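Here are my notes on the model you sent.

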Amino acid sequence: MSLKHELSRRQFIRGLVLGAACSHFANETFVTPIVAAIQPLTTPGNGCLRFKVSAFPALNSEGGSVLFSVNPYSPVGPLGAFYPIIVNRGTGNVFHALRAACTHQGGVVKPQGGTWVCQFHGSVFDIDGDRVSGLAPVGSRLTAYNVTYDGVDNVMVEIPGLDYAMTPTSVPANGRMKLDFPTDSQVTYEVLFQQALGTTWAPVQFATTESGPANQTTLTGDGATATVYVERSTATGFYLANARVTAE
């Protein structure tokens, strides 16, 4: 959907993130987007977390794991709306995506010796989410997400509730574009711009008031709708609200 100078009607661009290569052992924030798009999914309201296996050396081998998070978390649970997302590589080209919430009392599980262990009370789960031992109910398993792997490099994980819409409107007074999008508490957002389909998404600075300086690069969500203003440098293009992801 092009954003033209003469645009007067509201249009919607749905978007979500994904990020750059990082160490399996070091907690780092994605800064360079690899894929930044929401694709139509069979389940309304779900988001699509997409990444390249080559960006995460741990996932090149069977038994490798990466823990993704879109908001901070503690051993007893997330500090925002979403639990971390576990991605494990099983045998061959099988990937398992799991919600890192222990089925006992919701503690966050972390990798330990080829299994996932609850930091709260010590329940143990294997890489496909089945309970191995501990206080979690017998027969219970971690919540699994739908995973699609193209057999080459690209993985797509369908995450319930991780979806949102951006509403861009023109600001005639100064030519800026006003962007409104809902936020989740403690999730960090940036704004990306793509001049034409197929070109690279690039971060742009924005203002939080109509006439204020466009010198901010991120904002932290509080559960309310965010409003930002970006400079119009081209006649057409696409904007995307990009929720930053961390990996461990």
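1. Aromatic pairs. The structure holds six aromatic pairs. Rings of Phe, Tyr and Trp (its six-membered ring) pair if their centres lie within 6.5 Å; planes under 30 degrees apart are stacked, over 60 edge-to-face, and the rest tilted. Phe181 and Tyr189 form a tilted pair, with 5.5 Å centre to centre and 55 degrees between the planes. Both Phe181 and Tyr189 are buried. Here buried means under 20% relative accessible area, exposed over 50%, and partly exposed in between (1.4 Å probe, protein chains only).

2. Basis. This is a predicted model: local features need pLDDT of at least 70, side-chain atom pairs count only at pLDDT 80 or more, and totals for chains, interfaces and linings use all residues. Residues are numbered from 1 along each chain as its sequence is written, and side-chain values use heavy atoms, with hydrogens and water left out.

3. A pair across the chain. Phe193 and Tyr239 also form a tilted aromatic pair, at 4.9 Å centre to centre and 50 degrees between the planes. This pair links distant parts of the chain: Phe193 is in strand S18 (residues 188–194), Tyr239 is in strand S22 (residues 238–243), and they are 46 residues apart. Strands (E, at least two residues) are DSSP runs, numbered from the N terminus. Phe193 is buried, and Tyr239 is too.

4. Strand S22. How many residues of S22 are buried? Six of the six are, so the strand is largely enclosed by the rest of the structure. Both faces are covered. Phe238, Leu240 and Asn242 lie on one side, with Tyr239, Ala241 and Ala243 on the other. S18 and S22 run antiparallel and are joined by six bridges. Two strands pair if DSSP finds at least two bridges between them. Leu192 stands opposite Leu240 in S22.

5. Gln186. Please look at its backbone. Gln186 is not a glycine, yet has a positive phi of about 65 degrees. Gln186 sits in the loop between strand S17 (176–182) and S18. Its relative accessibility is 33%, so Gln186 counts as partly exposed.

6. Cores. The largest nonpolar core has 39 residues, and Phe68 and Val157 have the most contacts inside it. Another core, of 14 residues, lies apart from it; among its members are Ile86, Cys102, Trp116 and Leu142. A nonpolar core is a set of buried Ala, Val, Leu, Ile, Met, Phe, Trp, Tyr and Cys residues joined through side-chain atoms within 4.5 Å. Phe68 also belongs to one aromatic cluster with Phe51 and Phe56.

7. Cys102. Is this residue buried or exposed? Cys102 is buried, with a relative accessible area of 5%. Cys102 lies in the loop between strand S8 (95–99) and strand S9 (109–112). Beyond its neighbours within four places in sequence, Cys102 is in contact (heavy atoms within 4.5 Å) with Gly107, Val109, Cys118, Ser123, Phe125, Ala136 and Leu142.

8. An open sheet. Four strands form an open sheet in the order S9-S10-S11-S12, with antiparallel pairing. S9 and strand S12 (131–133) are the edge strands, and each pairs on one side only. Strand S10 (residues 115–118) and strand S11 (residues 124–125) pair antiparallel over two bridges. Trp116 stands opposite Phe125 in S11.
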